[in-house]
Amino acid sequence: MANYYQKDIETMSRDKLHELQSERLVAQVKRVYESVPYYRDLMDKKGVKPSDIKGIEDLHKLPFLTKSDLRDAYPYGLLAKPLSECVRIQSTSGTTGRRVVAFYTQHDIDLWEDCCARAIVAVGGTNEDVCQVCYGYGLFTGGPGLNGGSHKVGCLTLPMSSGNTDRQLQFMEDLGATIICCTPSYAAYLAESAIEKGIIGNLKLKAGIFGAEAWTEEMRHDIEQKLGLKAYDIYGLTELSGPGVSFECEAQAGMHVCEDHFIAEIIDPVTEEVLPMGSKGELVFTALTKEAFPMIRYRTRDICVLNDEPCECGRTHIRMSKPMGRSDDMLIIRGVNVFPSQIETVLLNCGMPANYQIVLDRVNNTDTFDVEVEMPSELFSDTVAAISKKEKEILDALKSMLGISPKLKLVAPKSIVRSEGKAVRVIDKRKLF
Ligand code: DLL
């Protein structure tokens with residue numbers, strides 16, 4: 001039996017949901033036009049007036065917002081409330097080198113935490129649970145968002161933040177954490193460390209809420225098997241509040257978008273044309289209820305697919321696939337398009353842990369493409385012949401997946417620097433941009 005945090009909303013009929021979205025969109029566009037000169041200019045340039053927007057069927061008429069608009073308008077240019085009504089900022093983790101500063105009213109925080117609470121209840125969380133939050137606290141949205149959601153559900157919340165793995169494991173064991181929230185790469189690291197310490201059998205974990213970075217189905221199975229829990233995906237971005245824009249339910253088959261707060265569209269990233277349900281393209285979100293930092297048709301750059309088929313959990317909100325890359329982080333190596341997640345899939349299929357790093361450089365006008373992969377300790381202590389055999393197997397698999405051959409180096413266990421936040425998978429020294 002599925003549990004819901006806000007059953008009426010999460011299982012609302014599609015017709016009612018569309019009515020609610022339309023009502024909220026009309027009001028939000030009018031408010032933003034009146035209070036945000038930056039967005040008013042964008043609408044004026046496109047020749048759209050708030051009175052042209054009568055419902056969600058008119059959404060396509062509105063201009064897009066992009067990360068570069070956020071940079072141009074930094075820091076206050078997109079504010080729709082006076083600063084006196086704002087109570088918090090959060091900021092991006094900065095892995096792309098471009099910081100986004102988002103503002104929140106108390107109401108914004110309340111609705112954001114509701115979304116995170118929905119995600120926790122969807123994985124079976126109740127007030128009987130001990131929820132260990134090891135996303136970073138501070139400017140990053142992961143810690144504060146899930147912390148707030150966990151309080152709302154009534155879980156005993158362990159606000160660990162990221163890092164200090166020994167202490168994480170000690171609290172996890174001593175206080176019997178049942179739910180853990182962190183990046184999937186940190187979950188994999190915690191699993192490795194718990195196995196090494198011989199405490200894995202003492203843990204009581206039942207569910208993990210993992211997101212903030214790309215991870216594959218293979219990685220999900222690996223973490224589930226090692227930590228003895230069910231691993232659920234959660235998605236979000238700072239611009240839209242943070243985690244909880246969408247989340248997986250017990251079906252583990254795509255993430256339900258909180259559609260009472262966010263309208264999702266898929267567009268062709270080149271032509272900007274809206275694509276039909278089920279197409280692969282760039283995800284665009286319109287936030288319907290955000291007060292301080294409203295985002296209308298914000299281009300996320302995440303490539304994914306939406307699915308409006310009914311879900312077995314009873315939630316009526318559409319689902320999005322895992323992001324399959326970004327329209328802006330695809331690597332082009334010697335003219336070939338490469339997604340880091342393809343490399344991860346190959347490694348896990350070859351029975352390797354997904355601790356790897358891609359190093360790109362340009363020598364004599366030719367791209368160099370190095371992949372360093374950490375060996376599991378059993379392989380590391382095996383014979384040279386066994387290691388070479390494995391190396392060849394991985395290289396052949398990489399060649400066939402990517403259509404291009406990297407220089408592969410198997411390195412000692414734990415020699416690639418571990419991340420307590422998002423893993424650094426790509427070091428691109430080519431400086432092509
Ligand atoms: O990463 C918010 C978050 C925190 C989500 C904790 C989930 C859990 P940003 O730092 O602004 O916010 O980064 C947003 O991270 O556009 C995606 O490219 C990526 N991302 C987020 N969740 C996932 C996921 C947070 N589940 C950017 N799978 C987004 C793959 C994800 N990528």
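Trainee: Where is R301 found?

Mentor: This is a predicted model, in which local features need pLDDT of at least 70, side-chain atom pairs count only at pLDDT 80 or more, and totals for chains, interfaces and linings use all residues. Residues are numbered from 1 along each chain as its sequence is written, and side-chain values use heavy atoms, with hydrogens and water left out. Helices (H or I, at least four residues) and strands (E, at least two) are DSSP runs numbered from the N terminus. R301 is found in strand β12.

Trainee: What is phi of R301 near?

Mentor: At 25% relative accessibility R301 counts as partly exposed; buried means under 20% relative accessible area, exposed over 50%, and partly exposed in between (1.4 Å probe, protein chains only). R301 is a residue other than glycine, yet its phi is positive, near 75°.

Trainee: Which loop holds E272?

Mentor: E272 is not a glycine, although its phi is positive, about 65°. It is partly exposed, with a relative accessible area of 36%. Its place is in the loop between β10 (262–267) and β11.

Trainee: Is the peptide bond from Y74 to P75 cis or trans?

Mentor: P75 lies in the loop between α4 (67–72) and β1 (86–91). With omega near -5°, the bond from Y74 to P75 is cis.

Trainee: Is D114 buried or exposed?

Mentor: D114 has its place in helix α5. Not counting residues up to four places away in sequence, D114 touches Y5, Q6 and K152, where contact means heavy atoms within 4.5 Å. Because its relative accessible area is 9%, D114 is buried.

Trainee: With which side chain does the side chain of T289 make a polar contact?

Mentor: T289 is found in the loop between β11 (280–287) and β12 (298–307), and at 18% relative accessibility it counts as buried. A polar contact is a pair of N or O atoms within 3.5 Å; within protein, one must be able to donate a hydrogen and the other to accept it, and residues adjacent in sequence count only if both atoms are side-chain atoms. At 2.9 Å, the partner of T289 is the side chain of H261.

Trainee: How far apart in space are I387 and L410, C-alpha to C-alpha?

Mentor: I387 is in helix α12 (residues 384–402). Leaving aside neighbours within four places in sequence, its contacts include M375, F380 and L410. I387 and L410 are 23 residues apart in sequence, and their C-alpha to C-alpha distance is 8.2 Å.

Trainee: Which strand gives the largest share of the shell around the ligand?

Mentor: There are 21 residues around the ligand, and among those that come nearest are D233 and T238; a residue is near a molecule or strand if one of its heavy atoms lies within 4 Å of it. A polar side-chain atom of D233 lies 2.8 Å from a nitrogen atom of the ligand, and one of T238 lies 2.6 Å from an oxygen atom of the ligand. The largest share of the shell, 5 residues, comes from strand β7 (residues 230–237).
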